[in-house]
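Please open the model in a viewer and keep the sequence panel at hand.

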Amino acid sequence: MPGGPFTRASGPPLETTPRQALQRYRAEQRRKLEGYHLVDEKAGIVQIPIERAMALLAEEHAAEAASKRGPQ
């Protein structure tokens with residue numbers, strides 16, 4: 001009804017402290033990227049820091065490329 005009281009539409013609540021919420025979110029994401037975590041003990045799956053993972057992949061690909069080239 002026009003001119004009536006405002007009613008809030010359903011949906012997620014608004015952040016009351018968006019700056020702090022964003023800081024907490026970024027800290028959690030940084031912790032995940034930079035830390036070691038056990039993901040699945042039975043399957044032997046762990047999470048390692050992104051920098052370490054990139055270094056391991058670079059070493060693996062360098063060794064693979066060297067083996068394809070053969071002795072020089």
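Helices (H or I, at least four residues) and strands (E, at least two) are DSSP runs, numbered from the N terminus. By that rule, the protein chain contains two helices and two strands, and their order along the sequence is α-β-β-α. The model is a predicted one, in which local features need pLDDT of at least 70 and side-chain atom pairs count only at pLDDT 80 or more, while totals for chains, interfaces and linings use all residues. Residues are numbered from 1 along each chain as its sequence is written, and side-chain values use heavy atoms, with hydrogens and water left out.

**Whole chain**

Select the entire protein chain and orient it along its principal axes: the C-alpha atoms fill a box of roughly 85 × 30 × 25 Å. The radius of gyration, taken over C-alpha atoms, is 24 Å, whereas a compact globule of 72 residues would have one near 11 Å. The globule rule is 2.2 Å times the number of residues to the power 0.38.

Next, display the surface. The accessible area of the protein chain is about 6,900 Å², and carbon and sulfur atoms account for 59% of that area. Such areas come from the Shrake-Rupley method with a 1.4 Å probe; for residues, only the protein chains shown count as cover. Of the 72 residues, 4% are buried (buried means under 20% relative accessible area, exposed over 50%, partly exposed in between; 1.4 Å probe, protein chains only).

**Helix α1**

Select residues 18-34, which form helix α1. Is Ala21 buried or exposed? Ala21, which lies in this helix, counts as buried because its relative accessibility is 17%. Draw a distance from Ala21 to Gly35: their C-alpha atoms, 14 residues apart along the chain, are separated by 21 Å.

Then move to Arg31, also found in α1. Arg31 is partly exposed, since its relative accessible area is 41%. Between Arg31 and Pro49 there are 8.9 Å in space, C-alpha to C-alpha, and a sequence separation of 18 residues.

**The hairpin**

Select strand β1 (residues 37-40) and strand β2 (residues 45-47), which run antiparallel and are joined by three bridges. Two strands pair if DSSP finds at least two bridges between them. Which residue of β2 is the bridge partner of Leu38? The partner is Val46. Finish at the four residues between the strands of this hairpin, where Gly44 takes a positive phi near 70°.
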